[in-house]
Number of protein chains: 2
Amino acid sequence: MTKETCIALLSGGLDSATATALAIEKGYKVLGLSFDYGQRHRKELKAAKQLSNHFGLETHHIIQVDLSMWGGSALTDKNQKLPSDGVKEGVIPNTYVPGRNTVFIAIGLSLAEATNSKKVILGINAMDYSGYPDCRPDYLDAFQLLANLASKSGREGKSTELWAPLIDLSKVQIMKEAMRLKIPINKTWSCYSGNDEPCGICDSCRIRNEAMKKLNHSNL
Amino acid sequence: MTKETCIALLSGGLDSATATALAIEKGYKVLGLSFDYGQRHRKELKAAKQLSNHFGLETHHIIQVDLSMWGGSALTDKNQKLPSDGVKEGVIPNTYVPGRNTVFIAIGLSLAEATNSKKVILGINAMDYSGYPDCRPDYLDAFQLLANLASKSGREGKSTELWAPLIDLSKVQIMKEAMRLKIPINKTWSCYSGNDEPCGICDSCRIRNEAMKKLNHSNL
């Protein structure tokens with residue numbers, strides 16, 4: 001029997017790599033999709049490519065959609081400074097990129113429909129994140145409703161599922177899953193800056209390092 | 001007082017031009033947005049540029065997002081033949097591009113949020129269209145719900161409105177509006193093929209020509 005196909009949005013980070021590995025574990029054939037969206041650096045795309053090779057994906061599209069044309073975020077406008085003083089409860093930081101997840105998921109749904117894929121796999125998680133509005137369960141539920149109405153296949157009752165298996169996991173739990181699934185964590189890139197080594201002070205580094213510390217102190 | 005800003009998705013066709021003119025008539029400052037999405041021809045982008053000049057828009061972004069990487073439509077895959085035998089009730093034709101409107105509106109919302117714009121102006125209409133799932137009112141309602149949840153501004157109660165002023169108009173009514181608003185109809189391009197002259201037999205030409213004929217027989 002031919003394997004069912006899924007689309008994995010690969011950012012080069014730990015979360016999307018873990019979600020992808022979960023889909024592969026479930027027996028899906030995975031097509032990778034990454035975005036050249038005018039981000040500050042190419043390191044994450046390089047990481048995405050390396051992870052795609054690690055997983056042995058036959059297809060890995062990198063599509064250009066240059067959101068830095070209008071910026072509006074420290075990740076797409078180099079004139080804005082990356083925050084370095086930690087995640088603050090209830091505050092959406094300037095690393096939030098207007099509309100980014102909506103654009104990415106929309107493009108993922110396009111590829112899914114064109115390839116008769118069953119799911120779009122998302123590394124989104126709502127526990128340890130930076131307060132972004134487009135990482136929350138109600139957002140995903142609304143997108144699922146839209147996906148059902150948007151497509152030819154959805155109207156025919158064969159809608160693409162937005163699958164976010166990490167949505168309710170903490171970063172520590174995600175790391176445990178990543179280790180169980182033998183993700184090459186050293187090949188993932190989460191840091192917002194594009195230096196040779198992770199900066200250690202951006203929100204993304206802080207969340208990752210905090211989880212790593214907790215993991216080292218727990219019994220695996 | 002500074003004018004409020006809107007984003008107009010300009011396809012180069014009659015509908016989006018008419019919707020844009022309606023926003024200008026209401027006193028909004030309009031930023032244009034068009035998509036280089038791997039479509040069959042460049043004529044519609046040229047038309048979009050001409051219309052943007054006609055309206056005197058200060059800003060007109062043309063963003064690349066190449067959906068022909070995976071095709072799935074006669075508009076993004078030159079190996080698929082354009083249908084020429086007319087619109088059929090209840091059938092979604094192969095000119096439907098998987099996910100296209102969702103991708104376009106998502107990118108429009110990104111630009112709107114980055115520029116504090118109040119609306120994304122859409123030329124979508126649900127009466128005389130080709131049966132596309134992503135031109136219907138329930139689709140737009142679902143997208144509005146998503147937009148409210150997706151963005152920082154939406155979470156703060158200042159969501160961007162998806163404004164589709166032509167949604168309930170027939171093509172004849174749209175043409176009457178276009179004429180009232182002095183749209184240079186000869187500068188708009190609706191034909192799916194990219195020949196020197198409109199082909200007259202694709203669905204888009206048929207819908208337009210049929211409306212033109214009705215208009216000529218009615219008392220304006």
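Predicted model: local features only at pLDDT ≥ 70, side-chain atom pairs only at ≥ 80, totals over all residues.
**Entry 1**

I looked up B:Glu161 and found a salt bridge to B:Lys119, with the closest N and O atoms 2.7 Å apart. My rule for a salt bridge is a side-chain nitrogen of Lys or Arg within 4 Å of a carboxyl oxygen of Asp or Glu. B:Glu161 lies in strand β5 (residues 161-163) of chain B and B:Lys119 in strand β4 of chain B, so the pair ties together parts that are 42 residues apart in sequence. Helices (H or I, at least four residues) and strands (E, at least two) are DSSP runs, numbered from the N terminus.

Buried or exposed, I asked of B:Lys119? B:Lys119 is buried, at 11% relative accessible area. B:Glu161 is partly exposed, at 32%. Here buried means under 20% relative accessible area, exposed over 50%, and partly exposed in between (1.4 Å probe, protein chains only).

Residues are numbered from 1 along each chain as its sequence is written, chains are lettered from A and ligands numbered from 1 in the order in which they are written, and side-chain values use heavy atoms, with hydrogens and water left out.

**Entry 2: other salt bridges**

How many salt bridges does the whole structure hold? My search over all chains gave 14. Side chains of opposite charge can pair when their charged atoms come close.

I checked A:Arg180 next. A:Arg180 forms a salt bridge with A:Glu177, the closest N and O atoms being 2.9 Å apart. Both residues sit in helix α6 of chain A, three residues apart, about one turn of the helix. A:Arg180 is partly exposed, with a relative accessible area of 42%. Shared partners link A:Glu25, A:Glu177 and A:Arg180 into one network of salt bridges.

I also found A:Lys158 paired with A:Glu156 in a salt bridge (3.7 Å, N to O). A:Lys158 is exposed at 56% relative accessible area, and A:Glu156 is partly exposed at 47%.

**Entry 3: where the chains meet**

I counted 38 residues of chain B in contact with 38 residues of chain A. Contact means heavy atoms within 4.5 Å. The area buried between the two chains is about 3500 Å², and carbon and sulfur atoms give 71% of that. Buried area is the accessible area (1.4 Å probe) that two parts lose on being put together, summed over both.

I did find eight residue pairs in polar contact, both residues at pLDDT 80 or more. A polar contact is a pair of N or O atoms within 3.5 Å; within protein, one must be able to donate a hydrogen and the other to accept it, and residues adjacent in sequence count only if both atoms are side-chain atoms.

On chain B, the elements giving two or more residues to this side are β3 (60-64), α3 (100-114), α4 (137-150) and α5 (152-155). I sorted the residues of this side into 23 nonpolar, eight polar and seven charged. Ala, Val, Leu, Ile, Met, Phe, Trp, Tyr, Cys and Pro count as nonpolar, Asp, Glu, Lys and Arg as charged, and the others, Gly among them, as polar.

**Entry 4: the core**

I looked up the largest nonpolar core, which has 93 residues. Such a core is a set of buried Ala, Val, Leu, Ile, Met, Phe, Trp, Tyr and Cys residues joined through side-chain atoms within 4.5 Å. A:Val65, A:Ile105, A:Ile107, B:Val65, B:Ile105 and B:Ile107 touch the most other members. I followed B:Ile105: beyond four places in sequence, the residues it touches include B:Leu9, B:Leu122, B:Phe143 and B:Leu162.

**Entry 5: a buried serine**

I found B:Ser73 in the loop between β3 and α3 of chain B. B:Ser73 is buried, at 0% relative accessible area. The side chain of B:Ser73 reaches the backbone oxygen of B:Thr95 at 3.5 Å.

**Entry 6: positive phi**

Most residues other than glycine have a negative phi. I noted B:Asn116, with a positive phi of about 55°. B:Asn116 is in the loop between α3 and β4 (119-121) of chain B and is exposed at 63%.
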